[in-house]
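Here is a short report on one protein model. Look at the structure first, then read on.

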Amino acid sequence: MNELLKIVLSMALTSVVLVSFVWIFGKVFSRYLSKAKIYYAWLAVLFFLTVPFAFLFFKFAKSGEFMWSNKTGFDGVTSITMDQNGVILERDFNIDFWMTVLDYLWLVWLVVFLLIFIYRIASYRNFKKYVFSGARHVEDLERLDMLAGIIDELNIKKPVELLINPLISSPIFLGLSKNVIIIPDKFFLEEELEYIFRHELIHCKRKDMYYVWGAQFFTCVYWFNPLMYLMNKRIQKDRELACDEAVLATLPKNKYIGYGDTLLSSLVKSGNYKEAHVAVSLHENTKALKERLHFVANYQHKAKKGNLIFGVFLIGLCSVGIFFSAFQAEIFTVEKEKGITIERRN
């Protein structure tokens, strides 16, 4: 199991480089790139944080030896000397010390990881239970027809349910086992409902819930790395900006202000129950909403703009990711190749 912990600790350093790389890139080139490009750039970080673990499982498949194989008693031994007094094992104190530390440290990491991840899962399950127990299906045919029309327009194949819950703070989308849109029990104009449905259905079409859970999982794995929490928050902001961008791309320019007003009114009409970390809602907080309203007010179509910049960035990011992934493989190859010197003294 020490190998697993060493990978986690090493990839924590890798994440510092990759997360900083994407964050700086998004800040410097945001005016030249679509929000969707910046949003999906984070996927490359999650991918390269997965690669070393994939290497370990591949190694297990080939050799049948995994991370918690039994100790041989020769860990940390650098030489074996045989003389008239018997066999003498010489050990490297540093190696022996750190292996002893890792024997206990991995357990601390694993327990905290499991506690945080199980808590996130339990929070999500409780939130879903609360939402569905206090919700009712929408029976208004006009609303259902509007929703169906947008579903057909976006070419979404899987059915989407529409529910009302009076206590949720914002329209939200849940989409793992089934696709569900829940809206507050408030009065919405027909135009506002159209914007809300478009926004949540974009999340549905892009399968953002899986992205949300991926980010949550790696935040739990690297719970000791504060940069991962910052990355998770940035992903949430970029997700909503990318969704706003996709909605605005389907609307005529004279409706941009109306969409921004809907975002603002959703905050005013919010209820008193805060959504779970893994729910995809129309808004999160006032500060994030301010950034989104500024984006909506200054929106310009960038479908093909910045492709060259984004391509160069991906090449650079992938190069960094491949380097660190190869570095992980090299660590374990070198460890396996370390030999023990055996001497016979007369």
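At what angle do helix α4 and helix α5 pack, and how far apart are their axes? The angle is about 40°, and the axes lie 10 Å apart. Axes are lines fitted to C-alpha atoms, for helices over the stretch in contact, and angles run from 0 to 180 degrees between N-to-C directions.

This is a predicted model: local features need pLDDT of at least 70, side-chain atom pairs count only at pLDDT 80 or more, and totals for chains, interfaces and linings use all residues. Residues are numbered from 1 along each chain as its sequence is written, and side-chain values use heavy atoms, with hydrogens and water left out.

|---|---|---|
| α4 | residues 141-153 | R143, M146, L147, I150, I151, E153 |
| α5 | residues 190-205 | E190, L193, E194, F197, R198, L201 |

Now to K35, in helix α2 (residues 35-63). K35 is buried, that is, under 20% relative accessible area with a 1.4 Å probe, protein chains only. K35 has no salt bridge, a side-chain nitrogen of Lys or Arg within 4 Å of a carboxyl oxygen of Asp or Glu. The nearest side chain of opposite charge, E291, is 5.6 Å away. Leaving out residues up to four places away in sequence, K35 touches S30, L241, A242, E245 and F295.

Across the protein chain, buried residues make up 45% of the 346 residues.

Conventions:
Helices (H or I, at least four residues) and strands (E, at least two) are DSSP runs, numbered from the N terminus. Buried means under 20% relative accessible area, exposed over 50%, partly exposed in between (1.4 Å probe, protein chains only). Lys and Arg count as positive and Asp and Glu as negative; His and the chain ends are not counted. Contact means heavy atoms within 4.5 Å.
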